[in-house]
Amino acid sequence: MPVSAVEYAPETSTGVNGGDVTSTSRTYTIGKMVEVLVSVADNGAAGTLTISNSGTAQSWTQRAVTNTGNNCKLALWTCVMNATQAMTITVAGDGITAADSALYITVYTGQHLTDPVPAGKVTSGTGGNDVTQVITPTSAGSFLRFLVGDWNQANAIAAAANCTIVNSTNQAGHQTTALIHPTTQPRTDTSAFTIGSASDATSEVEAWIAFEV
């Protein structure tokens, strides 16, 4: 069956504990997959990122994380809910001074039961400008995802051809972030697809994570 998803607007934090961000309390249903993406404005300030939730603890799997100075720090976790409950989700960093962070949460129905985020379909990197990645879906009905964080805070991220910005943030003096996916989602076939940010007149310093669900 094709994957379906519910996107929530990004939640942000600022101030002296800016690398720690806690979501709104929501009710999540057993068997659904929760995807958490975070971009912290400064890799050096973020340090090691951890994830936790209120209520019954869930088993979170970190799928990707970046770790390069003079870039944003991005990370991706997923869990398949083992209980139906209302909970908040917190991503915390260490050594935080004045970094800002943006948290993106998506809930999926219909994900693959044993391999919902294939390791071979996850890529990440840092230091780019207008980055794209080619993903060949494992099967029709898959979702493709791309999170980008601009350390230069140029506020100029655009979506590549045939892609759409689902949600975005601009934290003045810190970072610009965007969650991008194909305009046609889920994918209707297994043809290779180019996902990412578009060429523009501004030079960004982009960290990114691209993957399939």
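Arg-145 forms a salt bridge with Glu-35, and the closest N and O atoms are 2.7 Å apart. By salt bridge I mean a side-chain nitrogen of Lys or Arg within 4 Å of a carboxyl oxygen of Asp or Glu. The two partners sit in distant parts of the chain, 110 residues apart: Arg-145 in strand β14, Glu-35 in strand β5, residues 33-40. Strands here are DSSP runs of E, at least two residues long, numbered from the N terminus.

A word on the source. This is a predicted model, where local features need pLDDT of at least 70 and side-chain atom pairs count only at pLDDT 80 or more, while totals for chains, interfaces and linings use all residues. Residues are numbered from 1 along each chain as its sequence is written, and side-chain values use heavy atoms, with hydrogens and water left out.

Back to Arg-145. Together, Glu-7, Glu-35 and Arg-145 are linked in a network of salt bridges.

Buried or exposed? Take Arg-145. Arg-145 is buried, with a relative accessible area of 0%. Glu-35 is buried too. Glu-7 is partly exposed, at 24%. The cut-offs: buried is under 20% relative accessible area, exposed is over 50%, partly exposed is in between, with a 1.4 Å probe and protein chains only.

How many salt bridges does the structure hold? Three. One of them joins Arg-26 and Glu-11, 3.3 Å from N to O. Arg-26 lies in strand β4 (residues 26-28) and Glu-11 in strand β2 (residues 11-13), 15 residues apart. Both Arg-26 and Glu-11 are buried.

Now the sheet. Five strands form an open sheet, in the order β12-β18-β14-β16-β15, with antiparallel pairing. Two strands count as paired if DSSP finds at least two bridges between them. Why do β12 and β15 each have a side without a neighbour in the sheet? Because β12 (123-128) and β15 (163-171) stand at the edges, each with a single partner strand. From one strand to the next, the twist averages 15°. Angles run from 0 to 180 degrees between N-to-C directions, on axes fitted as lines to C-alpha atoms.

Four bridges join β12 to β18, residues 206-212, and the two run antiparallel. Ser-124 stands opposite Ile-209 in β18.
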